[in-house]
Amino acid sequence: MSNDDEMVGYRQQPGKLPFSRPGSGGKNQFSELRDIQLIPESQGGKKHQPKGDHRHDPLISGTSIGKSTALVDSKWKVTGKANYGDDIRLSNELIGKIVRSPHHYARVLSIDISKAVELEGVIAIATGADAQNSFGVLPVTKDEHAMAIEKTRHKGDLVACVAAIDEITALEAVRLIEVEYEVLDSIHDMRKGLDDSEYPIHDRGQYHIGESNVQKRVFQEFGNIGEMIPNSVANHKSNWLFAGVNHGFTEPHAVVADWDPSGRLTLYTPQQVPHYVHRALADVLEIPMHQINVYRTFVGGGFGGKSDPFPHEMCAAILARKSGRPVRITFDREEVFWVNRGRHPSRIEMDIHADSDGRLCGVQTDALIDGGAFASFGHVTTYYNGVLHTAPYELGAFHYTGARVWTNKPASGAMRGHGAVNSRCAVEVGLDDIAEQLSVDPITLRLANLLPPFSATITGFRITSIGMRECLEKVKKASNWDKKFRQLPLGHGIGIGCGFFISGSGLPIHWDPNKFPHATVHLKIDMDGGVTIHTGAADIGQGSDTVVAQSVAEVLGLPLDMIRVRSRETDTSPVDLGSYSSRVTFMNANAAISAAMEIRKDLLKAASIITETEIEKLVIGDRRIFDKQDPAIGVSYLEALHKAQEDRGALTSSGSYRTPPMGRAHKGAAAGLAPAYSFSAYVAEVKVDMETGQTKVLEVWAAHDCGKALNPLSVKGQIIGSCHMGLGQVLSEEMKYSRGGDLLNPDLLDYKIPSIHEMPKVNPIIVESNDLEGPFGAKEAGEGPLLPILPAVCNAVYDASGIRVNELPITGDRLYKEIEKKCKILKISNPLNLPNPSLIHSDLQTVLESRASKHSERDLERILSEEKTPYHNGALFGMNPEVPGDEQDSRWEIRVIPDDQYLSNPRLAGSAWRHVERRKRND
Amino acid sequence: MSRFRLPMIPASDEVSWTSKINNVDFSTTIASNSILLDVLRNKGGSLGTKRGCDLGTCGCCTVLVDGIPKLSCLTMAKEVEGSKITTVEGLSLGHHLHPIQETFAEYGGSQCGFCTPGFLVVISALLDENPNPNDHEIKTAIEGNLCRCTGYQQIIDSVKAASEIMLNNVKIEDSTSPKSDPHPGFNN
């Protein structure tokens, strides 16, 4: 470790990778040893568990888990009774509208509201002067204001806002506000953001990186970089350009702010992360958090796009405060694109090296990502572009340079598959190319390079359950891969892609995990027997309310109709970090189980008193608690409940979840840490029209390892929906900017979301790896399933046409240009005569096959053995699996700062390191 | 868009407007240039009819005008004066849901639910006309509706299940019927 000053004080266990006993920390430790004898006989007794037992097995009552379940709030949605942001109508409401900057980058010299004030019906006007405090989703990068303070940083940036009695008046007032600007030179090409600038878009004071627009830069080297290239026999090199994409949720942002007579603010907003808005409002309005109630309405799709605290939410609160009346602000679709937070436009250089044994001896990634005008989640995105492709494969060495720059565009942020999607696409396409160079099957290549269960990645992430192998094997079989790959006629192809994603972020954004749990759930049961769940997890349509209800129902042996979830208001819900990083099922359901176990104990105790049976002999079934040996002895749920309530009335309990200590201690070690990871493998079959370049996806086989499908209906829905969104990015969706930097398609007509006709048949395949720490074995299924579809389609396009695309989306004109180019090079006039890619296996194929089958046995052994011996990345290359690489080989290094040698010839994003932070400069 | 859109001409005429919304006669006064979507949401009591894009591209605002699906964001209210308008709120009969509402919930046709009202009215019109549609007919019917969550597959499953319910005349239970007994097997 070369730079000690870069070591930061995360409270983690450095170095050693402890395989602690599964279980959450938090208030309710429930790491009891598993006792499968406790599974009720009525539920199948000692049921077959191919992946071993789970600590939640004894809690299974057979009522809910694993059964396809309609979302608990679906009846509201199908009757029109679900109230989304704009459906909150309070009496005496005002309509808020926003004055937006017409310039890409400008200094605000003056704002004249005199004419607007005089317009009849205008009640309140606010400008940046009314809210000086900055905010932002990450505490380290609070760079947003409710309205421009000094500068506007992109076209559509907020300058002022108006509340009036109706929409027409508000729009007219917006027109009457006169703003004087001094236009500044704007930056639109992300590469320009790496250079010094006269007026950087933000000024971070002593932490500013040179005078540039670099918002965040990352340098990471793991392993023996020097040996990576000399050892390789196959080398992939590609240079990708990914267009930015927008979430495209159907509900535009809308917010209602209302200050009640006691002076408390209620903010009605469709938010994925009410807690962060709660914090930001307190900062901006300069009132304590307890004076604010954030009410999450139904959310009409989030996908990451409703997880920042937004300036318009601040505006509504400010206008409502000034006017003394409720204020509703609803965006039109164009404004949704102005606020954006979609996937970063990216330039990714991907180098992959493989040695003569078909091992991946090195991956070098350089990712420059275009952050737009604000930081948003970008700090994390910059890491994720690198660290989230260090698995599922065992790597010899890993080198990542990443940089995120500010440009004068609507801000990029978190979007489904946050930060992992683009670089994953580049990796998986690279592997396809490596397989081609080695003349082996790309699925076999992957199967022979997988990390085993209970292992550590090269960057020190703790892999527990891993269903990658099963995913690959299942899609291979289902798609009839062996009969199709490289054997279909020209214009028809099949391709594979894999994915790896976090199941909840290991570190919460806002606090030290040792101080607060990640998720907390409260339960309350009164005499009626119905269970009220209080949780702060935001249901954004993914079904988090349902999964929490199912978990509680399962533990207490109740049907779902006896469970009601209250998750809307921060006044009544325990703090929850919100719906992002695919954390809700894992963390919230764990907290819910923990809370339900408390109640379960009370019920069992009561039943034991009534039946005079030992507690240990009792089990819970459907609304009944009975003796396992003699089911005739037992009491109904209500009887036990009433007995339990004799002393203290309503039963209440609280459960929580926090992640176990994980990870290593280098700078950035926390980014990408998760208590579990999901894995997926997709095969896509496509048709490419060689004469027009049009690509049509025919069918997708999509296997996803979600640990355990608590609600298979929802898991399948997430897999198919992810395919839909990923297909949009790979084939048609793109935020197009003109040369002058104008966004050309801020509407759903030109921003092309796939319709029903573009959607292929998707065959979802659920793989259950039974994660030891997941609730009943579950991991995430919301984001990971998006990753593999992009490379699967790219690789299928290659199989069909012989063209390696490196620019997304693969529109007809782009692909046809490549086809034309190839025709010219090969001097072929008719694209239909282009050579069709073919494959004759080399000797390496059998070597890889036998390695894969050996690894398959090894993996099963590791899953089933009680003793989890450490396995660190590198064992495949002959290193000692018991200790991390840097502790056994002095040439195996971890570096997080580039040396002079690197800086003399940096790659694109790496060149961000040529700047010196202001505080470290001597001038 | 507000900053860049030309201001609408203020102070348009107030005119009276009548129609039959979900089988109930409805009359009000509206600005003569009102769009049907605004009238339904702001005056007609149908907050279930959603605004997704303002441009007729997403289908969230679809309602039935005399039984025919129409994009209410592209329809002037005056155009449909006197018509019979059905919104998502008009699909169920009291607490008996329309089969497509029932199956949308059960088969995962709805995730976030924002596009759902548009899909439901379009599909109810399809099923009225053709209770047993094939895949192609279903796809053609909903081609104007965007859904960002489901990838459409579970929507098609829902339509097929609803069609089965309608063909077999299966009765859909009143949603207010008694739920699970917390004290099973005992008489209180």
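# Briefing: chains A and B of a predicted model

Leaving out neighbours within four places in sequence, B:Y107 contacts A:L713, B:Q154, B:D157, B:S158 and B:A161, where contact means heavy atoms within 4.5 Å. This is a predicted model in which local features need pLDDT of at least 70, side-chain atom pairs count only at pLDDT 80 or more, and totals for chains, interfaces and linings use all residues. Residues are numbered from 1 along each chain as its sequence is written, chains are lettered from A and ligands numbered from 1 in the order in which they are written, and side-chain values use heavy atoms, with hydrogens and water left out.

**B:Y107**

- B:Y107 sits in the loop between α2 (99-106) and α3 (116-129) of chain B.
- Its relative accessible area is 34%, so B:Y107 is partly exposed; buried means under 20%, exposed over 50%, and partly exposed in between (1.4 Å probe, protein chains only).
- B:Y107 and B:Q153 lie 46 residues apart in sequence, with 9.9 Å between their C-alpha atoms.

**Chain B overall**

- Chain B has five helices and five strands. Helices (H or I, at least four residues) and strands (E, at least two) are DSSP runs, numbered from the N terminus.
- From the N terminus on, the order in chain B is β-β-α-β-β-β-α-α-α-α.
- Along the principal axes, the C-alpha atoms of chain B fill a box of roughly 65 × 45 × 35 Å.
- Of the 188 residues in chain B, 52% are buried.
- Take contacts in chain B between residues at least 6 apart in sequence: 58% of them join residues at least 24 apart.
- Chain B exposes about 8400 Å², and carbon and sulfur atoms supply 52% of that area. Accessible areas come from the Shrake-Rupley method with a 1.4 Å probe; for residues, only the protein chains shown count as cover.
- Chain B carries 15 positive and 21 negative charges, whose mean positions are 8 Å apart. Lys and Arg count as positive and Asp and Glu as negative, while His and the chain ends are not counted. Each charge is placed at NZ of Lys, CZ of Arg, CG of Asp or CD of Glu.

**Interface between chains A and B**

- Chain A and chain B bury about 5500 Å² between them, with 60% of it on carbon and sulfur atoms. Buried area is the accessible area (1.4 Å probe) that two parts lose on being put together, summed over both.
- A:V78, A:T250 and A:I756 supply 13% of the area that chain A buries against chain B, more than any other three residues.
- The contact draws 76 residues from chain A and 59 residues from chain B.

**Domains of chain A**

- Chain A divides into domain 1 (36-63 + 508-657), domain 2 (85-184 + 253-330) and domain 3 (346-507 + 665-894). The bounds come from an automatic or database domain assignment.
- The centres of domain 1 and domain 2 of chain A, taken over C-alpha atoms, are 40 Å apart.
- Their contact takes 19 residues from domain 1 of chain A and 23 residues from domain 2 of chain A.

**Backbone geometry in chain A**

- Most residues other than glycine have a negative phi, and most peptide bonds are trans.
- The peptide bond from A:A391 to A:P392 is cis, with omega near 5 degrees.
- A:L808 and A:P809 are joined by a cis peptide bond, with omega about -5 degrees.
- A:N340 has a positive phi near 45 degrees and is buried, at a relative accessible area of 3%.
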